[in-house]
Amino acid sequence: PYLENWDYRYDMNSTAASVFDTFFITLTRNTLSGLVGEEIYQNLIRVENIPIRIMKRLLQENSFLFQEVGANGIDSRDEIIRLSMQESIEWLSEQYGDEPVQWRWENLHTLTLRPALFAEASDDPDAPAVLKMIVNNLMSKGPYPVPGQGTTVNKAQYDWSNPYQMLLGPSIRRIVDFGNLNRIETVTPTGQSGNPLSEYFGDQTELWLQGQYRYLYQDSTFFREVSYQTMRLEPAH
């Protein structure tokens with residue numbers, strides 16, 4: 001009933017979104033991994049639109065590849081679809097409980113904002129424990145539940161190798177009225193400052209999550225009416 005009544009939106013309270021994405025990833029793996037091997041399959045799913053396009057075509061054409069997976073006891077498209085759905089429901093039940101209301105998209109799909117260079121360094125198995133602690137506890141923000149998905153207007157793509165952690169989306173949102181350039185609406189996922197010790201570090205995250213904006217003023221007369229701070233950078237002698 002969840003899929004039958006689904007409006008195809010990846011809202012955070014959607015159970016159907018969780019059921020469909022879990023099913024589609026499972027179906028893709030069950031169809032392709034045994035045919036191409038695990039190494040090729042992992043490379044294949046690095047770019048989300050590749051497995052999506054492949055599976056769409058295979059399903060529409062009832063490809064002979066569905067008969068090729070018969071070595072695993074599966075000999076038709078319908079059978080592998082039923083098996084994949086069953087495995088998906090079992091996985092959701094194991095991870096989030098037997099009540100479908102607990103399978104909401106917000107419980108699966110989350111975003112953690114991490115500093116790219118430091119995060120990559122801290123993910124190294126040989127990285128010092130203190131670096132991992134600083135990156136995870138001081139320099140990162142989240143995890144936050146987020147709506148959307150890789151194919152939605154509000155893009156929130158996740159890594160198929162590590163579902164369902166969002167890794168790709170709008171790094172900045174901006175609305176510009178070219179008839180009035182003195183006031184532009186803009187927001188970034190983190191904040192005005194990239195310094196974790198600054199009070200402005202992460203000061204726009206909640207706005208970004210809620211689809212809200214701050215105003216970027218281009219009219220210099222505005223700054224004579226409000227208090228502000230300046231910083232002067234001088235080269236070392």
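**Confidence**

I started with the confidence of this predicted model. Mean pLDDT for the chain comes out at 87, and 93% of the residues reach 70 or more. Then I went through the elements: helix H4 (residues 65-68) has the lowest mean pLDDT, 70. At the other end sits helix H6 (residues 105-108), with the highest mean, 96.

**Ser18**

Next I clicked on Ser18, which is part of helix H1 (residues 15-36). Is Ser18 buried or exposed? Its relative accessibility is 0%, so I put it down as buried, the cut-off being under 20%.

What does the side chain of Ser18 reach? I found the backbone nitrogen of Trp105 at 3.2 Å from it. Leaving out residues up to four places away in sequence, I listed the residues that Ser18 touches: Leu92, Trp103, Arg104, Trp105 and Leu108.

**A nonpolar patch**

Val130, Met133, Ile134, Leu138 and Leu197 make a nonpolar surface patch of about 480 Å². Met133 lies in helix H8 (residues 129-137). I have it as partly exposed because its relative accessibility is 47%, and that class runs between 20% and 50%.

I kept the general rule in mind here: most peptide bonds are trans, and most residues other than glycine have a negative phi. Where did I find cis bonds? One runs from Gly142 to Pro143, with omega near 5°. Pro143 belongs to strand S2 (residues 141-145).

Another cis peptide bond joins Pro163 and Tyr164, and there I noted an omega of about 10°. Here the second residue is a tyrosine, Tyr164. Tyr164 sits in the loop between strand S3 (157-158) and strand S4 (166-168).

Tyr8 has a positive value, near 70°. I located Tyr8 in the segment before H1. With a relative accessibility of 63%, Tyr8 counts as exposed, because the cut-off is over 50%.

Asn62 is not a glycine either, yet its phi is positive at about 45°. I found Asn62 in the loop between helix H3 (49-61) and H4. Why did I log Asn62 as partly exposed? Because its relative accessibility is 38%.

Technical notes: Residues are numbered from 1 along each chain as its sequence is written. This is a predicted model: local features need pLDDT of at least 70, side-chain atom pairs count only at pLDDT 80 or more; totals for chains, interfaces and linings use all residues. Side-chain values use heavy atoms; hydrogens and water are left out. Helices (H or I, at least four residues) and strands (E, at least two) are DSSP runs, numbered from the N terminus. Buried means under 20% relative accessible area, exposed over 50%, partly exposed in between (1.4 Å probe, protein chains only). A polar contact is a pair of N or O atoms within 3.5 Å; within protein, one must be able to donate a hydrogen and the other to accept it, and residues adjacent in sequence count only if both atoms are side-chain atoms. Contact means heavy atoms within 4.5 Å. Patches are made of residues with over 30% relative accessible area and no salt bridge: like charges are joined within 9 Å, nonpolar side chains (Val, Leu, Ile, Met, Phe, Trp, Tyr) within 5 Å. Accessible areas come from the Shrake-Rupley method with a 1.4 Å probe; for residues, only the protein chains shown count as cover. A salt bridge is a side-chain nitrogen of Lys or Arg within 4 Å of a carboxyl oxygen of Asp or Glu. pLDDT is the predictor's confidence in each residue, from 0 to 100.
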